[in-house]
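Please keep the sequence and the model in view while reading.

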Amino acid sequence: MKFLDTLNYSLILYKMWTDTLLIVFISICTAFLGEGLTWLMVYRTDKYQKLKTEVEKQSKRLEKRKEAHGDSLDKQHKKKIEREEERLKNNNRDLSLVKMKSMFAIGFAFTALLSMFNSIFDGRVVAKLPFVPLAWIQGLSHRNLPGEDYTDCSFIFLYILCTMSIRQNIQKLLGFAPSRAASKQGNTLFGPTPAQFK
């Protein structure tokens with residue numbers, strides 16, 4: 001009987017490992033698919049290329065100006081920097097709006113994929129967490145799983161963790177990630193405010 005228990009436990013571990021590796025593979029594939037669709041719809045367009053180039057130039061120029069003057073800025077330099085930051089903020093907003101239209105299409109496609117994969121892995125423990133998640137995360141990490149062992153991990157939780165970590169690295173690998181200068185300046189729709197030097 002002990003042999004059967006050990007064999008059963010080994011099979012469960014094997015199945016968990018194969019599910020985990022499959023989910024990592026699915027995350028990699030969907031990240032490449034997402035970046036490919038984004039490239040088709042956004043990255044290769046002239047409008048995006050011009051805006052990205054302009055944001056990178058402005059970010060580098062602004063960074064050099066801030067480094068050259070440091071904290072000892074007079075009113076004239078502060079105003080120039082504020083104007084440049086406002087232009088950079090506007091260009092960042094335009095860049096985000098250009099990306100947003102493709103994000104809706106990709107979001108719709110991935111919602112369909114996610115629901116399909118969710119139904120395949122429904123009720124299956126795909127990994128064992130080395131910790132008990134916070135109470136407000138347990139609904140996601142233990143979603144549709146039987147039992148009260150909150151170290152059991154559901155498909156959706158593992159998929160989200162993998163996608164969050166893998167997609168950024170794929171963007172860097174493919175050269176789609178924002179430059180360091182643009183990232184420093186807050187290359188987002190909600191970037192830094194020009195009032196930070198007042």
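The protein chain exposes about 12,800 Å², and carbon and sulfur atoms supply 63% of that area. The model is a predicted one, and every value in this account should be read accordingly. Of the 198 residues in the protein chain, 36% count as buried.

The secondary structure of the protein chain comprises six helices and two strands. Along the sequence, these elements follow the pattern α-α-α-β-α-β-α-α. Among the contacts in the protein chain with a separation of 6 or more, 72% come from residues 24 or more positions apart.

The packing of the helices may be considered next. Two packed helices are described by the angle between their axes and the distance between the axes. Helix 2, residues 46-69, and helix 3, residues 75-120, have axes that come within 9 Å and cross at roughly 155 degrees. Angles over 145 degrees count as roughly antiparallel, and helix 2 is therefore roughly antiparallel to helix 3. The crossing in which helix 2 passes helix 3 is left-handed. In the contact of helix 2 with helix 3, the residues divide into eight nonpolar, six polar and 12 charged.

How do helix 1 and helix 5 pack, and at what angle? Helix 1 spans residues 2-43 and helix 5 spans residues 155-174; the two pack at an angle of about 45 degrees, with their axes 8 Å apart. Because of that angle, helix 1 is oblique to helix 5. Helix 1 passes helix 5 in a right-handed crossing. The residues of the contact of helix 1 with helix 5 comprise 15 nonpolar, seven polar and two charged.

Helix 5 also packs with helix 3, at an angle of about 135 degrees and with the axes 10 Å apart. This angle makes helix 3 oblique to helix 5. On the side of helix 3, the contact is made by Leu114, Phe117 and Asn118, and on the side of helix 5 by Phe155, Ile156 and Tyr159. These residues divide into five nonpolar, one polar and no charged.

Asp122 is located in the loop between helix 3 and strand 1, the latter being residues 127-128. Is Asp122 buried, exposed or partly exposed? With a relative accessibility of 44%, Asp122 counts as partly exposed.

The relative accessible area of Gln138 is 17%. Buried means under 20% relative accessible area, so Gln138 is buried. When its neighbours within four places in sequence are left aside, Gln138 is in contact with Val132, Pro133, Arg143 and Tyr150.

The loop between helix 4 and strand 2, the latter being residues 152-153, contains Asn144. Asn144 has a positive phi of about 60 degrees although it is not a glycine. Asn144 is partly exposed, with a relative accessible area of 47%, whereas Gln138 is buried.

Technical notes. Residues are numbered from 1 along each chain as its sequence is written. This is a predicted model: local features need pLDDT of at least 70, side-chain atom pairs count only at pLDDT 80 or more; totals for chains, interfaces and linings use all residues. Side-chain values use heavy atoms; hydrogens and water are left out. Axes are lines fitted to C-alpha atoms, for helices over the stretch in contact, and angles run from 0 to 180 degrees between N-to-C directions. Helices (H or I, at least four residues) and strands (E, at least two) are DSSP runs, numbered from the N terminus. Angles under 35 degrees count as roughly parallel, over 145 as roughly antiparallel, 65 to 115 as roughly perpendicular and the rest as oblique. A crossing is left-handed if the near helix is turned anticlockwise from the far one by less than a right angle, and right-handed if clockwise. Ala, Val, Leu, Ile, Met, Phe, Trp, Tyr, Cys and Pro count as nonpolar, Asp, Glu, Lys and Arg as charged, and the others, Gly among them, as polar. Buried means under 20% relative accessible area, exposed over 50%, partly exposed in between (1.4 Å probe, protein chains only). Contact means heavy atoms within 4.5 Å. Accessible areas come from the Shrake-Rupley method with a 1.4 Å probe; for residues, only the protein chains shown count as cover.
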